[in-house]
Each structure stands twice: as structure tokens, then as C-alpha cells.
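Subject: Structure for your review

Hello,

I am passing on the structure we discussed. Please look through it first; my notes on what was found follow below.

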Amino acid sequence: MYADYTFYTGTYKGTLPEADFDRLSVRAGAEINRVTFQRAQEATGDDLMAVKYAECAVVDELSYQAQGGSGDIVSESNDGISISYASTVAKSSRQRIDAAAFTWLCST
């Protein structure tokens, strides 16, 4: 775990309850280690700050997925009327986690 709850709520401005953050940050830290090939463990200075932000972003993505979030809406039906728009292929859960982390880690 790289970021603590104080960082999550104060600096990152996250809104999850502390118990949810603590539970999800364990997995988020493992995901950060996976995408950085364990190099995040040696991060310092600005790189460590980026790792903390990435972990918080992954925590939020994991929370979203746990609540049933699966990506962009591609079909909707209301009272027998259905409209579908397909402009992109939906991302997998793993791809969404990687994208959340990459936003912060791409320059490290």
C-alpha cells in the first residue's frame, strides 16, 4: 500500500469511506506492482507521488467495478423503445484498471 486514507481524502480528494479504501487499497497496491513490474516499490520523490495517485485511481476504479460498473452504456431501452450506439469496444475490467493507473504512471 502506497497511499494512506489521509492522502486519499486530503490530496487525491477521494470520497470512499475509510473501510472501503482500506479493503480496496490492498488489491490496488498489487495492481500497481503488477503494472510497474514491482518498480513502484523503489519509487521516491515525484515518482512516489505519481504511484500514490495511481493507487488512489485504481481504488476508485475497483470500487466502481464492485458496484456493478462495467463501462460505457452501449444500449438502452425505455418503455419498449430501444436505441443502441456502438462506437467503441467496451474495455475489460483489467483494461480499465490499467488505464486508471497509466494516467498517473505514464511519465514515471
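**Overall make-up**

The chain's secondary structure amounts to four helices and two strands. Please keep in mind while reading that this is a predicted model. Along the sequence, the elements come in the order α-α-α-β-β-α. The chain has 108 residues, and 34% of them count as buried. Taking the contacts between residues at least 6 apart in sequence, 73% join residues at least 24 apart.

**The segment before H1**

Ala 3 sits in the segment ahead of helix H1, which covers residues 5–10. Is Ala 3 buried or exposed? Its relative accessibility is 1%, so Ala 3 counts as buried, the cut-off being under 20%. Leaving aside residues up to four places away in sequence, Ala 3 touches Phe 21, Lys 52, Glu 55 and Cys 56. One of these, Phe 21, is among the buried residues of H2.

**Helix H2**

H2 runs from residue 18 to residue 35. With 18 residues at 1.5 Å a residue, H2 should span 26 Å, and the 25 Å between its end C-alpha atoms therefore agrees with that. H2 also has a bend of about 35°, located at Ser 25. Ser 25 is itself one of the buried residues of H2, and the others are Phe 21, Leu 24, Ala 28, Gly 29, Glu 31, Ile 32 and Asn 33. What do these buried residues pack against? Their partners are H1, H3 and H4.

**H2 against H4**

H4 covers residues 93–105, and its axis comes within 10 Å of the axis of H2, with a crossing angle of roughly 75°. An angle of 65 to 115 degrees counts as roughly perpendicular, so that is how H2 and H4 are placed relative to each other. On the H2 side the contact involves Arg 27, Glu 31, Ile 32, Arg 34 and Val 35. On the H4 side are Arg 94, Ile 97, Asp 98, Ala 101 and Leu 105. Sorted by class, this contact holds five nonpolar and five charged residues, and no polar ones. Glu 31 and Ile 32, which take part in the contact, are also on the list of buried residues in H2.

Two residues here deserve a look at their backbone angles. In general, most residues other than glycine have a negative phi. Phe 37, which follows H2, is not a glycine but has a positive phi of about 55°. Gln 38 is likewise not a glycine, and its phi is positive at about 70°. Phe 37 lies in the loop between H2 and H3, and Gln 38 is found in that loop too. How accessible is each of them, in terms of exposed or partly exposed? Phe 37 has a relative accessible area of 63% and is therefore exposed. Gln 38, at 41% relative accessibility, counts as partly exposed.

**Helix H3**

After H3 comes Gly 68, with a positive phi near 100°.

Regards

Definitions and conventions
Residues numbered from 1 in each chain as written. Predicted model: local features only at pLDDT ≥ 70, side-chain atom pairs only at ≥ 80, totals over all residues. Heavy atoms only, no water. Axes fitted to C-alpha atoms, helices over the stretch in contact; angles between N-to-C directions. Parallel < 35°, antiparallel > 145°, perpendicular 65-115°, else oblique. Contact = heavy atoms within 4.5 Å. Nonpolar A, V, L, I, M, F, W, Y, C, P; charged D, E, K, R; others polar. Buried < 20%, exposed > 50% of the residue type's maximum accessible area, 1.4 Å probe, protein only. Expected span 1.5 Å × (residues − 1). Bend = angle between axes of the 7 residues up to and from the residue.
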